Amino acid sequence: MAKHEEIFLPDDLYYDRKDHLWAKLEGGKVRVGLDMFGQKAAGTAAYIKILPVGKTVQKTRAFGSLEAGKYIGPLKAPVTGKIVEINNEVIANPRLVNTDPYGKGWFVIIESANFDNDIHDLVHGAENIQAWLDAEYKDYMEKGLFAEE
Amino acid sequence: MRKINFYAPGLKRYETSELSQKNAHSFMPVSITGSDCTLNCDHCNGELLKFMRPAKTPERLLQICQTLAKNGTKGILISGGCDSAGRVPLREFFDSMRMVKQTLGLNVIVHTGLVDREMAKGLKHADIDGALIDIIGSDRTIKDVYHLDATTLDYEQSLANLNACEIPVVPHIVIGLHYGKIIGEENALAIISRFKIKTLVLVILTPLLNTKMENVIPPPPEEVKDFFRKARNMLPDVQIILGCARPMGEYKEQVDKLAIDTALNGIAFPAEGIVSYARDNGLKPIFMESCCGFAPSAMSNEQ
């Protein structure tokens, strides 16, 4: 598992390298959430909007939006496909994004149209994830995008 | 065509379908006390300070600002917790603030808390671009929420001291500060109206986790609208802006529209759809990545 101080990123997930959404392959479906690095940078989640079940989303396009202490913006799909399930629990209690990012804090499940094609630019594999996490941490600290030091 | 300003400074990363930042770290907050605050007011409890970079010594402040400037930051907000007298302990930082401003070329805006004459002179020496101060119009709120042995006269005197030293000051009013109730806000407007002020920022009580107000209900949008109207009527020549702090989600969408309906002059981090709403109401939107209190006015031809 990749780790930097209190941030950890499980090895079995795929990560969007810019927006820090994670994707987990579950059969032909993909569960999507925000990784621990992303939630630390975003701050406390306060409001989440997600497109309804049945909508088709394109990779890199918004499937919803997040308002948090340090981030207001879109949640961008890591893969193309149809939304088959949304997490109403996280909509009702956005703080789950912070308290349980890889568990109850997930956003949507997408029926992926072409997972193998969509994952080519996602970060995967223990060494790759660790290297990416270290680089991201350094970049965010230099730019002052994390509050704590 | 009347203009309206929309601000997205680097205090948050921000992107909607209508507006997005080019530089997410153009304007950064720093706390000279870290997350420490003697008052631990009921609405904040030091929680807001946790989002700021800690710089507890003048040397550390300079060091942080050097790094920020190198990475494209254009301005900083120097904030911090208060001492027991309601003042941010800024005195030992005046020289380093001056260096940040004059050597690094960053805009320097300061959260002051209460300001005595000596602090106002120090801020003048520091050559800051402006001071931000929350004006509270109710002695009861000062006592109950801030736990502070002060009165509204102390806030009025703070404005007088800043004005006397010709420091640009942008007063803020927190609507609903008294546990979600609007009780002293109109008096705060009256206080502000007695001074030379170009810009007023209105924010709305946002219940924060780990504070005594985490379960408080913010003032209803209709009451907020009434207060926007009062502010507009009492201060017709002052630029009035809806600032960063306000509850999110549907509440924010409502009050942002009300800000436009009541002819406020700007909105920080507007909700999705508000830029279109402004256009539909005949306004010309102007986008800025600077702090709303010190950007060119929407009421002038400066832009």
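Biologist: Which residues lie nearest the centre of the second largest pocket?

Modeller: Bear in mind that this is a predicted model. In it, K18(A), D19(A), Y71(A), Y140(A) and R13(B) lie nearest the centre of that pocket. They belong to a lining of 28 residues.

Biologist: How much space lies in the second largest pocket?

Modeller: About 580 Å³.

Biologist: And which elements give two or more residues to the lining?

Modeller: From chain A you get helix 1 (36–42), strand 9 and helix 5 (126–143). Chain B puts in strand 2.

Biologist: How does that lining divide into nonpolar, polar and charged?

Modeller: There are 12 nonpolar residues, six polar ones and 10 charged ones.

Biologist: How many bridges join strand 8 to strand 9 in chain A?

Modeller: Five, and the two strands run antiparallel. Strand 8 covers residues 62–68 and strand 9 covers residues 71–76. As for who faces whom, L66(A) stands opposite G73(A) of strand 9.

Biologist: Switching topic: why is strand 11 of chain A largely enclosed?

Modeller: Because four of its five residues, in the stretch 108–112, are buried, the rest of the structure largely encloses it.

Biologist: Which strands does strand 11 of chain A pair with?

Modeller: Strand 5 (residues 29–34) of chain A pairs with it in the antiparallel sense over four bridges. Strand 10 (residues 81–86) of chain A is antiparallel to it too, over five bridges.

Biologist: OK, cores. Which residues touch the most other members in the largest nonpolar core?

Modeller: L90(B), M97(B) and L202(B), out of 106 residues in that core. In general, nonpolar side chains tend to be buried together in soluble globular proteins.

Biologist: What does M97(B) touch, then?

Modeller: Leaving out residues up to four places away in sequence, M97(B) touches L61(B), I78(B), L90(B), V108(B), V110(B), A126(B) and I128(B).

Biologist: And how many residues are in the second core?

Modeller: That one is separate and has 29 residues, including Y14(A), V32(A), A68(A) and V97(A).

Note on methods:
Residues are numbered from 1 along each chain as its sequence is written. Chains are lettered from A and ligands numbered from 1 in the order in which they are written. This is a predicted model: local features need pLDDT of at least 70, side-chain atom pairs count only at pLDDT 80 or more; totals for chains, interfaces and linings use all residues. Side-chain values use heavy atoms; hydrogens and water are left out. Two strands pair if DSSP finds at least two bridges between them. A nonpolar core is a set of buried Ala, Val, Leu, Ile, Met, Phe, Trp, Tyr and Cys residues joined through side-chain atoms within 4.5 Å. Buried means under 20% relative accessible area, exposed over 50%, partly exposed in between (1.4 Å probe, protein chains only). Contact means heavy atoms within 4.5 Å. On a 1 Å grid over the protein atoms alone, a cavity is a set of points where a 1.4 Å probe fits but cannot get out, and a pocket is an open set with protein on both sides within 12 Å along at least five of seven lines; lining residues have an atom within 4 Å of a point. Grid points are joined across faces, edges and corners, and a volume is the space filled by probe spheres set on the points. Ala, Val, Leu, Ile, Met, Phe, Trp, Tyr, Cys and Pro count as nonpolar, Asp, Glu, Lys and Arg as charged, and the others, Gly among them, as polar.
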